Amino acid sequence: MKTYIALLRGINVSGQKKIKMADLRLLLEENGFKNVQTYIQSGNIIFSSTEENKIKLENTIAEIIKNKYGFEVPVVVKTGKQIQAILTNNPYQNPEDIQSNKIYFVLLKNEATEENKAILNAISFANETLEITPNCVYLRCALGAGKAKCTNNLIEKKLKVTATTRNYKTMVKLQEMALV
């Protein structure tokens, strides 16, 4: 049995696509997922499964949510080791930036093409820098995410991949929960 982290995109934001995490935990357990835990209300789920195909897991979780709640939710599944590697390879290690919540991780469901990476890299953002890797876009927002122009939606549009964003603190907590 392997431990995974499912990251749901766009739930419980501005009253949209509401899902109570306690209900989601029970729903996933009822559908065969083991050791289900959630972290905060933004759709972070840690679970164990014998299934090793992450695409299958993403599709199964999305289908379970659609059947229960009637709306579609993009799902990105990573392992604890993948989250650990993303954190280790973070090019923005300035403790002050981390402490002041300026570092974000845009987790990609699939790798973007070189052509689409070049399109995103060609755009300049005042007070923002980014680095694109195969499974994550590292983002430093000097003014914080609330004022950022390089948003999750923009990154998805330019890279043509599903993505979901988490801050540094959330990533560290998810990694800790997955590796326990």
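## Contacts around isoleucine 61

Two residues are in contact when heavy atoms of theirs lie within 4.5 Å. The model described here is predicted. In that model, isoleucine 61 is in contact with Ala6, Leu8, Leu28, Phe33, Phe47, Val75 and Val77, leaving aside neighbours within four places in sequence.

## Nonpolar cores

In soluble globular proteins, nonpolar side chains tend to be buried together. The largest nonpolar core of this structure has 21 residues. Within that core, the residues with the most contacts are Leu8, Leu24, Phe47 and Ile61. Strand 1, helix 1 (21-30), strand 3, helix 2 and strand 4 (75-79) are the elements that give two or more residues to this core.

Another core, of 18 residues, lies apart from the largest one. Among its members are Tyr39, Ile83, Tyr92 and Ala178.

## Aromatic pairs

Five aromatic pairs are found in a search of the whole structure. One of them is formed by tyrosine 4 and phenylalanine 47, which are stacked, with 5.7 Å centre to centre and 25° between the planes. This pair links distant parts of the chain: tyrosine 4 belongs to strand 1 (residues 2-8) and phenylalanine 47 to strand 3 (residues 44-49), 43 residues apart. Both tyrosine 4 and phenylalanine 47 are buried.

Phenylalanine 105 and tyrosine 138 form an edge-to-face pair, with 5.7 Å centre to centre and 75° between the planes. Here too the pair links distant parts of the chain, with phenylalanine 105 in strand 5 (residues 103-108) and tyrosine 138 in strand 7 (residues 136-141), 33 residues apart. Phenylalanine 105 and tyrosine 138 are both buried.

## Helix packing

Two packed helices are described by the angle between their axes and the distance between the axes. For helix 1 and helix 2, the axes come within 11 Å and cross at roughly 115°. The crossing is right-handed. On the side of helix 1, Asp23, Leu24, Leu27 and Leu28 take part; they meet Ile61, Ile64, Ile65, Lys68 and Tyr69 in helix 2.

Helix 3 (residues 80-88) packs with helix 7 (residues 168-179) at an angle of about 145°, with the axes 9 Å apart. The crossing of helix 3 and helix 7 is left-handed. Gly80, Lys81, Ile83, Gln84, Ile86 and Leu87 in helix 3 meet Tyr168, Met171, Val172, Gln175, Ala178 and Leu179 in helix 7.

## Asparagine 152

Asparagine 152 lies in helix 6 (residues 152-159). Its relative accessible area is 15%, so asparagine 152 is buried, since buried means under 20%. The side chain of asparagine 152 reaches the backbone oxygen of alanine 163 at 3.0 Å. Not counting residues up to four places away in sequence, asparagine 152 touches Arg9, Val106, Ala163, Thr164 and Thr165.

## Threonine 60

Threonine 60 is found in helix 2 (residues 54-69). With a relative accessible area of 33%, threonine 60 is partly exposed. A polar atom of the side chain of threonine 60 lies 2.8 Å from the backbone oxygen of lysine 56. Threonine 60 and leucine 174 are 114 residues apart in sequence, and their C-alpha atoms are 21 Å apart in space.

How values were computed. Residues numbered from 1 in each chain as written. Predicted model: local features only at pLDDT ≥ 70, side-chain atom pairs only at ≥ 80, totals over all residues. Heavy atoms only, no water. Helix = DSSP H or I, 4+ residues; strand = E, 2+ residues; numbered from the N terminus. Buried < 20%, exposed > 50% of the residue type's maximum accessible area, 1.4 Å probe, protein only. Polar contact = N/O pair within 3.5 Å; in protein donor to acceptor, adjacent residues only side chain to side chain. Phe/Tyr/Trp six-rings, centres within 6.5 Å; stacked < 30°, edge-to-face > 60°. Core = buried A, V, L, I, M, F, W, Y, C linked by side-chain atoms within 4.5 Å. Axes fitted to C-alpha atoms, helices over the stretch in contact; angles between N-to-C directions. Left-handed = near helix turned anticlockwise from the far one by under 90°.
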